[in-house]
Amino acid sequence: MRRGIAATALVAALGVTLAACGSGDGGNNDGGSKGSGELSGTVTWWDTSTVGSEDKVFKKVAEDFTKKYPKVTVKYVNVPFGEAQNKFKNAAQSGSGAPDVIRSEVAWTPDFANLGYLAPLDGTPALKDDSDFLKQAAASTKYNGKTYAVPQVIDSMGIFYNKKIFKDAGVEVPKTIDELKTVSAKIKEKTGKTGLYLRGDDAYWFLSFLYGEGGDLVDAKQKKITVDSPAGVKAMKTVKDLVDSKAAITDATNGWDNMQAAFKDGKVAMMINGPWAVSDTFAGKEFADKANLGIAPVPAGSAGQGAPQGGHNLAVYAGSKNLDASYAFTEYMTSAETQAKIATELSLLPTRESVYGNSKVAGNDMIGFFKPVVDKAVERPWIPETGSLFAPLVTEYTKVLTGQTSPESGAKAAGDAYRKLLKDWK
């Protein structure tokens with residue numbers, strides 16, 4: 001799930017303790033014990049899932065863990081996605097207030113590991129049956145030859161569309177950028193609705209266009225900045241043209257909330273989103289009949305399709321006072337059984353190959369669509385700085401979309417910022 005760098009969702013269930021028999025003193029001050037052969041103590045888990053939909057399921061799964069280990073208390077905290085990366089860094093650096101386990105966006109994992117904030121998991125119970133993990137999901141958990149996280153969910157992006165609006169407008173799902181503009185114009189003409197809501201305050205929504213033009217943020221092997229290459233400039237021109245042509249509307253703030261509300265209320269016919277949005281989208285009045293939601297590949301740019309690979313891992317804080325219980329919790333939350341439950345209830349894609357053989361998972365249309373997309377998705381560079389590449393890019397992406405700068409200047413400014421961040425890169 002990705003709500004965005006500037007997400008402002010409220011913290012849910014702060015300090016709520018999911019206890020079975022007994023409880024610790026909260027946080028990771030309760031060291032726990034395995035001396036009796038039974039796990040005990042407290043595990044604080046920072047979850048970053050969507051409040052009001054995903055968080056309810058993840059909280060319930062955490063409760064189920066305490067049934068398996070009745071002497072362990074799980075302290076569930078939902079931290080807004082846009083705040084979690086820096087909040088964890090600050091807590092880990094100060095040595096106070098960090099969780100035992102964090103739901104880490106894939107790009108954060110190598111960053112946290114490089115800083116020494118994560119416990120290496122090789123040889124621990126957390127990596128049980130690790131050969132079952134999808135290779136591309138496992139790739140984001142590695143750093144300098146060690147494993148620092150366990151893949152929880154994997155995702156990518158597609159076009160979500162309102163089938164009723166499409167039928168009323170007499171249009172088909174667009175397969176190219178030109179078709180997207182044509183379809184949007186006809187939707188406006190026939191229904192008065194806007195074709196596409198293009199989120200403008202999160203650079204992750206730019207990646208499909210960047211990859212679709214054959215570009216990338218950086219070339220890690222060559223240590224080269226590529227965001228301001230001709231492909232990067234062309235991608236900036238593409239998104240700006242979608243807004244200028246009125247094929248799309250955009251925003252500079254509160255993008256997640258604005259986009260979801262517009263799509264769920266039937267004010268726009270399409271949005272670009274991922275599996276993390278399915279559960280929340282079904283809560284909208286337009287999708288009381290779930291069959292009204294369609295999902296298709298993001299329209300291709302000149303280089304073809306290029307959806308980004310995303311997802312989340314579970315990582316254990318190196319300073320945890322209860323490592324044994326934290327390893328067990330991480331293993332449980334990423335087990336085949338738990339992943340099947342989460343996939344069934346939330347349509348989130350499992351990271352274990354074996355789970356796709358589960359009949360309920362195999363019968364989920366949303367997962368059925370996104371799995372082939374994920375298989376071909378473009379991996380981000382798994383370097384410590386990857387998580388920091390979005391802040392300067394979103395600044396320029398937003399400025400381009402809102403007409404504050406040109407596509408050429410926006411791409412160049414992003415590239416210059418990357419060169420300051422990656423000092424020995426060209």
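1. A quick word on terms before the salt bridges: here the label goes to a side-chain nitrogen of Lys or Arg within 4 Å of a carboxyl oxygen of Asp or Glu. With that cut-off, a search of the whole structure turns up 22 salt bridges. Keep in mind that this is a predicted model.

2. I'd look at strand 4 to begin with, residues 101-105. The strand is mostly covered, with five of its five residues buried. V101, R103 and E105 point one way, while I102 and S104 point the other, and both sets are buried.

3. Now for the neighbours of strand 4. Strand 2 (residues 41-47) runs parallel to strand 4, and two bridges join them; W46 stands opposite I102 there. Strand 15 (residues 310-316) runs antiparallel to strand 4, with five bridges between the two. In that pairing, V101 has V316 as its bridge partner.

4. What does R103 form a salt bridge with? The partner is D47, and the closest N and O atoms are 3.9 Å apart. R103 sits in strand 4 and D47 in strand 2, so this pair links distant parts of the chain, 56 residues apart. Both R103 and D47 are buried, and for context, side chains of opposite charge can pair when their charged atoms come close.

5. Next, have a look at K341 and D64, whose side chains meet in a salt bridge at 3.1 Å, N to O. K341 belongs to helix 12 (residues 336-346) and D64 to helix 1 (residues 54-68), so the pair ties together parts that are 277 residues apart in sequence. Are these two residues buried or partly exposed? D64 is buried, with a relative accessible area of 12%, whereas K341 counts as partly exposed because its relative accessibility is 29%.

6. R419 and D416 make a local pair: their side chains meet in a salt bridge at 3.7 Å, N to O. The two are three residues apart in helix 16 (residues 407-421), so about one helical turn separates them. R419 is partly exposed at a relative accessible area of 29%, and D416 also counts as partly exposed, at 31% relative accessibility.

7. One last thing, back at D64. Salt bridges that share partners join K60, D64, K67 and K341 into one network. When you go through this group in the viewer, recall that K341 lies in helix 12 and D64 in helix 1.

Notes. Residues numbered from 1 in each chain as written. Predicted model: local features only at pLDDT ≥ 70, side-chain atom pairs only at ≥ 80, totals over all residues. Heavy atoms only, no water. Buried < 20%, exposed > 50% of the residue type's maximum accessible area, 1.4 Å probe, protein only. Helix = DSSP H or I, 4+ residues; strand = E, 2+ residues; numbered from the N terminus. Pairing = 2+ DSSP bridges.
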